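Hi,

Here is the structure I promised to pass on.

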Amino acid sequence: WSGKAKILVLIGDAPAHGRDCTDDPSDRYPNGEPHGLTVPVVMQNLIAKDIDFMFCRIKRDYTKMMESQFKMHFKNEEKGKELKSVDLFNDTSKEMRRFHFVFVLDESGSMSGAPWNDL
C-alpha cells in the first residue's frame with residue numbers, strides 16, 4: 001500500500017468473535033476468531049503501517065464491546081492514532097430492513113478496468 005492516505009473503514013452490524021468483543025452466548029467462536037487473529041494484533045499492525053481506522057456502527061448495542069476493544073488497542077499518542085467512530089443510522093431510522101452501501105474507493109485511476117468497471 002503505497003498511497004499517502006491510508007484509511008480502513010469498517011462498517012459493522014455485529015461484533016467480532018470472542019469473549020473480548022461480545023457477550024453473546026450464541027457466538028460460535030467464543031475463544032476468538034478461528035484463524036487466531038486478535039484485536040490487539042490487528043490494531044498494532046494498522047498502527048505500524050500508519051493506517052487510520054474508522055468504525056461505522058449500524059447497531060451500537062451489538063458492537064459496543066468490540067468498539068471498546070478497538071479504541072483501547074488502536075490508541076497511540078506517539079503516532080497520533082485514535083479510533084474514529086460514527087453511527088450510520090440514528091436509533092429511530094434503523095428499522096430492521098435490508099440496505100446496501102456503495103462507495104467510491106479511489107479517484108486516482110488505479111482502480112480502473114476489470115472488475116471495477118462492472119461496479
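Below is what turned up, from the overall fold down to single residues.

A word on the ground rules: this is a predicted model, where local features need pLDDT of at least 70 and side-chain atom pairs count only at pLDDT 80 or more, while totals for chains, interfaces and linings use all residues. Residues are numbered from 1 along each chain as its sequence is written, and side-chain values use heavy atoms, with hydrogens and water left out.

Let's start with the fold. The protein has 2 helices and 3 strands, and going from the N terminus they come in the order β-α-β-α-β. Here helices (H or I, at least four residues) and strands (E, at least two) are DSSP runs, numbered from the N terminus. Of the contacts between residues at least 6 apart in sequence, 67% link residues at least 24 apart; a contact means heavy atoms within 4.5 Å. Buried residues account for 24% of the 119 residues, where buried is under 20% relative accessible area, exposed is over 50% and partly exposed is in between (1.4 Å probe, protein chains only).

Next, the largest pocket, with a volume of about 420 Å³. Its lining has 20 residues, and Ala-16, Thr-38, Val-39, Val-42 and Phe-70 are the closest to its centre. Points are joined across faces, edges and corners, and the volume is the space filled by probe spheres set on them. Strand S1 (7–12), helix H1 (39–48) and helix H2 (60–74) each give at least two residues to that lining, and S1 gives the most, with 4. By type, the lining splits into 13 nonpolar, 5 polar and 2 charged residues. Nonpolar covers Ala, Val, Leu, Ile, Met, Phe, Trp, Tyr, Cys and Pro; charged covers Asp, Glu, Lys and Arg; the others, Gly among them, are polar.

Now some single residues. Cys-56 sits in strand S2 (residues 52–57) and is buried, at 6% relative accessible area. Leaving out neighbours within four places in sequence, Cys-56 is in contact with Val-9, Leu-10, Ile-11, Gly-12, Val-86 and Leu-88. Leu-10 is 46 residues away from Cys-56 in sequence, yet their C-alpha atoms are 6.0 Å apart. Cys-21 is buried too, at 1%. How many disulfides are there? The count is 0, taking a disulfide as a pair of cysteine sulfur atoms within 2.5 Å.

Over in helix H2 you'll find Glu-67 and Lys-71. Are they buried or partly exposed? Glu-67 is buried, with a relative accessible area of 6%, whereas Lys-71 is partly exposed at 42%. Not counting residues up to four places away in sequence, Glu-67 touches Phe-55, Arg-57, Leu-83 and Ser-85, and Lys-71 touches Leu-83 and Ser-85.

Finally, look at Asp-50 in the loop between H1 and S2. Asp-50 isn't a glycine, but has a positive phi of about 55°.

Cheers

Terms used
On a 1 Å grid over the protein atoms alone, a cavity is a set of points where a 1.4 Å probe fits but cannot get out, and a pocket is an open set with protein on both sides within 12 Å along at least five of seven lines; lining residues have an atom within 4 Å of a point.
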